[in-house]
Amino acid sequence: MKAAMLRSALRRRRSSSSAASTPSCLSRRRFSSSPAPERKVAILGAAGGIGQPISLLMKLNPLVSRLALYDIAGTPGVAADVSHVNTRAEVKGYAAEEQLGQALEGSDLVIIPAGVPRKPGMTRDDLFKINAGIVKSLSEAIAKYCPNALVNMISNPVNSTVPIAAEVFKSKGVYDEKKLFGVTTLDVVRAKTFYAGKAKVNVADVNVPVVGGHSGITILPLFSQATPKTNLSDEDIKALTKRTQDGGTEVVEAKAGKGSATLSMAYAGAIFADACLKGLNGVPDVVECSFVQSTVTELPFSRPSMLIFLVTGESEHVKLGKNGVEEVLGLGPLSDYEQQGLEALKTELKSSIEKGVAFVRGN
Ligand SMILES: NC(=O)c1ccc[n+]([C@@H]2O[C@H](COP(=O)([O-])OP(=O)(O)OC[C@H]3O[C@@H](n4cnc5c(N)ncnc54)[C@H](O)[C@@H]3O)[C@@H](O)[C@H]2O)c1
Ligand SMILES: O=C(O)C[C@H](O)C(=O)O
């Protein structure tokens, strides 16, 4: 049932006009004379490697009317620079911690790329030590100043930072699982690019769902559901899966100590943020993959308030609506290889989720 719904939603999405599937900053709607509803977007970590290009992309998005750029370093320059772009959004920079409240107040959507990136030889989990604290304090501020905003978590390790934010929101009594998203769109972007290259099809026509979390084997691309259908061999599918799982490391190594993916991430983050804004604005059939809480699981709730993402933590196809996640669409039919991948990722994903939860609970 869920699989059929998913297929039909994805079909609708592919066949629909640009409204649901083309990022607004890339669509001709930016020349439209009728403005979309007022929407405030806050970017926390706006002066960083991801923060700067995603600030620009959100400034280009006609769905944004106010753009709040917050960082603990370098904000004034970035805000002044971006503010000169002649598009709808009014840009304001917020530079110090005491300005965080103002940056967040009235936000419909908060995008979080704050935190340190990997260097060669590191895992995403190695970032936990620093980034967990950053995400916790930013989440506390969101709970205080804009508890109803949608939150797009980019900071790594996503498999733990999303549970951290959820636990903070729960502790403040403002948690709504429909509004918290781990941004895994970059895995989808990569899977599409690599599939199109291998299958020699037009990348613009390609769709590949990616489920699971956002780290190594927890990233599970579902090439069996990729469209257009092609006759790639099992070996090709294995190689594509591995390359998608290692995509972040490929960039980290190529940057040789100067950080991780920033430009492709900003692109992916802007696509996901745009989908959230479209959902808020009531555009129908907006479907993306994201790391969200879900009760679609065969596992029992082992602790009453423990986070159970799908099967202890899966990315999901979510249909976005006026309140955030409107519907979790499920995994769809998996090949044997994907089913094995799903089983294999559970242990790591479960432990990353529990690590995040324990960090906030102090145990
Ligand atoms: N989800 C994904 O797919 C994905 C992809 C790429 C990178 N990332 C992650 O995104 C994060 C940022 O990467 P980057 O390359 O932009 O790093 P960066 O170091 O270039 O930028 C991070 C920014 O965060 C700011 N910052 C630090 N602490 C802050 C705080 N308390 N409040 C506000 N801002 C703060 C820094 O001043 C800096 O400007 C990393 O954790 C990285 O691993 C995630
Ligand atoms: O790989 C990283 O550390 C950054 C990010 O998660 C990515 O997938 O590019």
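I looked up P157 in this predicted model and found P157 in the loop between β5 (150-153) and α7 (158-171). Helices and strands here are DSSP runs, numbered from the N terminus, with helices being H or I of at least four residues and strands E of at least two. I then checked the peptide bond from N156 to P157, which is cis, with omega near -5°.

I recorded a cis peptide bond between T227 and P228 as well, with omega about -5°. I placed P228 in the loop between β8 (219-221) and α9 (234-245).

I turned next to backbone phi. K200, a residue other than glycine, has a positive phi near 55°. I located K200 in the loop that runs between α8 (185-199) and β7 (210-212). Is K200 buried or exposed? I noted K200 as exposed, at a relative accessible area of 72%. The classes are buried under 20% relative accessible area, exposed over 50% and partly exposed in between, with a 1.4 Å probe and protein chains only.

A256 sits in the loop between α10 (247-255) and α11 (263-280). I list A256 as exposed, at 57% relative accessibility.

For the record, residues are numbered from 1 along each chain as its sequence is written, while chains are lettered from A and ligands numbered from 1 in the order in which they are written. Local features need pLDDT of at least 70, side-chain atom pairs count only at pLDDT 80 or more, and totals for chains, interfaces and linings use all residues, while side-chain values use heavy atoms, leaving out hydrogens and water.
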